[in-house]
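Please find below my notes on this entry, written for someone who has not looked at it before. The sequence and the structure come first.

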Amino acid sequence: MEIPVFVLDAFTNLLFKGNPAAICPLMHELSDDLYQKIATEMNLSETAFITRTNPSDSFSTGSRFRLRWFTPTNEVNLCGHATLASGAMLFEHQNNVNPTVVFETLSGDLAVTKKGDGYVMDFPLNPPGQEVQVRVCELKCVFACVTQVAVGNHPVQDVCLSPTTKKLMIRLADSCDRSVLTSLKVDAAALQSTEKSGRVKGLIITAKGSPDCQPGYDFYSRFFAPWNGIDEDPVTGSAHTVLGSYWSEKLGKKKMLAYQCSSRGGELELEVRDDGRINISGQAVSVLQGTITI
Ligand SMILES: *[C@@H]1O[C@H](CO)[C@@H](O)[C@H](O)[C@H]1NC(C)=O
Ligand SMILES: *[C@@H]1O[C@H](CO)[C@@H](O)[C@H](O)[C@H]1NC(C)=O
């Protein structure tokens with residue numbers, strides 16, 4: 001059996017930046033075990049599998065597909081960069097003729113529309129939920145421990161837990177600039193051993209941006225998900241379903257430009273919509289095209 005595979009860097013227009021995803025367009029469904037083995041072998045944050053919903057469609061004519069995402073250790077409910085890369089693969093490599101393709105996923109229908117040099121994704125918005133009270137001295141509180149492990153003694157302004165995505169979000173105080181966030185050394189193994197309750201599956205650390213400098217980022221972030229086999233994810237669409245909701249409210253803005261300042265780095269354009277969803281836009285570049293032979 002031959003399985004085509006594409007690797008694209010998502011949320012960037014520069015090769016070797018952004019977040020790489022492996023995308024396998026499949027004529028037939030394969031077993032979950034095989035999906036997992038391929039994703040483990042690829043060892044990227046996510047490997048995505050696309051299948052047709054209608055057997056008479058092809059990858060160039062179809063407008064609805066099924067999409068599943070696997071990390072090196074497990075399947076996940078929502079993934080932004082591999083969805084962007086899946087759309088880009090259909091438009092760029094399969095010459096898909098539709099303006100929009102819709103993916104049926106564990107998070108419902110997700111549409112990807114070609115626009116300008118990039119793609120717009122129609123994603124759910126996940127409000128960050130109640131702010132969790134954190135005092136670093138209360139080490140009994142697991143969130144305080146996670147915060148301590150992640151940001152040490154840097155001042156923290158807010159800690160929130162998004163219940164739907166199980167993402168814990170720590171906002172550094174506004175006195176911390178981008179370089180504080182960039183230089184944080186987060187011990188992913190320590191994070192995972194600190195939080196074993198199952199309530200947290202990802203850690204977002206964010207800081208207010210500097211919209212007055214060019215190109216004017218509204219906020220910065222980094223994302224860690226050792227609970228899903230990803231120490232640091234380079235650029236994370238799903239984290240921006242939480243960040244978009246949080247910063248939209250704090251900044252009083254619907255449209256925002258965000259930068260995820262991992263070492264690879266990537267840029268996301270966000271638009272919080274009146275219907276309670278969020279448009280997440282970005283670019284993607286192809287890196288590799290090949291065949292898995294089984
Ligand atoms: C998989 O990737 C992670 C980080 O991206 C790395 O630490 C690990 O060594 C890799 N595993 C293998 C088997 O290459
Ligand atoms: C993004 O959001 C706005 C609504 O706020 C909508 O009008 C627009 O069509 C959306 N999608 C795209 C592809 O731009």
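Predicted model: local features only at pLDDT ≥ 70, side-chain atom pairs only at ≥ 80, totals over all residues.

1. The protein chain contains 6 helices and 17 strands.

2. On overall dimensions, the C-alpha atoms of the protein chain fill a box of roughly 60 × 40 × 35 Å along the principal axes. The radius of gyration is 19 Å, and a compact globule of 294 residues would have a value near 19 Å, so the two agree.

3. How is the protein chain divided into domains? Domain 1 is made of two stretches, 2-121 and 282-293, while domain 2 covers 142-272. The centres of domain 1 and domain 2, taken over C-alpha atoms, are separated by 25 Å.

4. The two domains touch: 20 residues of domain 1 are in contact with 17 residues of domain 2. On the domain 1 side, helix H2 (residues 81-93) gives the most, with 3 residues. By class, that side of domain 1 has 8 nonpolar, 11 polar and 1 charged residues.

5. Is E16 mostly covered or mostly open? E16 is mostly covered, with 5 of its 6 residues buried.

6. Two pairings of E16 can be followed in the model. Strand E8 (residues 118-124) runs antiparallel to E16 and is joined to it by 6 bridges; within this pairing, Phe 123 has Ile 278 of E16 as its bridge partner. Strand E15 (residues 266-272) also pairs with E16 in the antiparallel sense, over 4 bridges, and here Leu 270 stands opposite Ile 280 of E16.

7. E15 and E16 form a hairpin, with 4 residues between the two strands. In the turn, Gly 276 has a positive phi of about 80 degrees.

8. A further hairpin is formed by E9 and E10, with 4 residues between them. Strand E9 (residues 156-162) pairs with strand E10 (residues 167-172) in the antiparallel sense over 6 bridges. Val 156 stands opposite Leu 172 in E10. The turn of this hairpin holds Lys 166, which has a positive phi of about 55 degrees.

9. Glu 195 sits in the loop between helix H5 (188-194) and strand E11 (202-208). Why does Glu 195 count as buried? A residue is buried if 20 or more other C-beta atoms lie within 10 Å of its own, and Glu 195 is buried because it has 20 such atoms within 10 Å. Between Glu 195 and Cys 145 there are 50 residues of sequence separation, yet their C-alpha atoms are 8.1 Å apart in space.

10. Which residues surround ligand 2? They are Thr 113, Lys 115, Val 120, Glu 271, Arg 273 and Asn 279. Sorted by class, this shell consists of 3 charged, 2 polar and 1 nonpolar residues.

How values were computed. Residues numbered from 1 in each chain as written. Chains lettered and ligands numbered in written order. Near = placed C-beta within 6 Å. Nonpolar A, V, L, I, M, F, W, Y, C, P; charged D, E, K, R; others polar. Rg over C-alpha atoms; globule rule 2.2 N^0.38 Å. Domains from an automatic or database assignment. Contact = placed C-beta atoms within 7 Å. Buried ≥ 20, exposed ≤ 12 C-beta atoms within 10 Å, placed from the backbone. Pairing = 2+ DSSP bridges.
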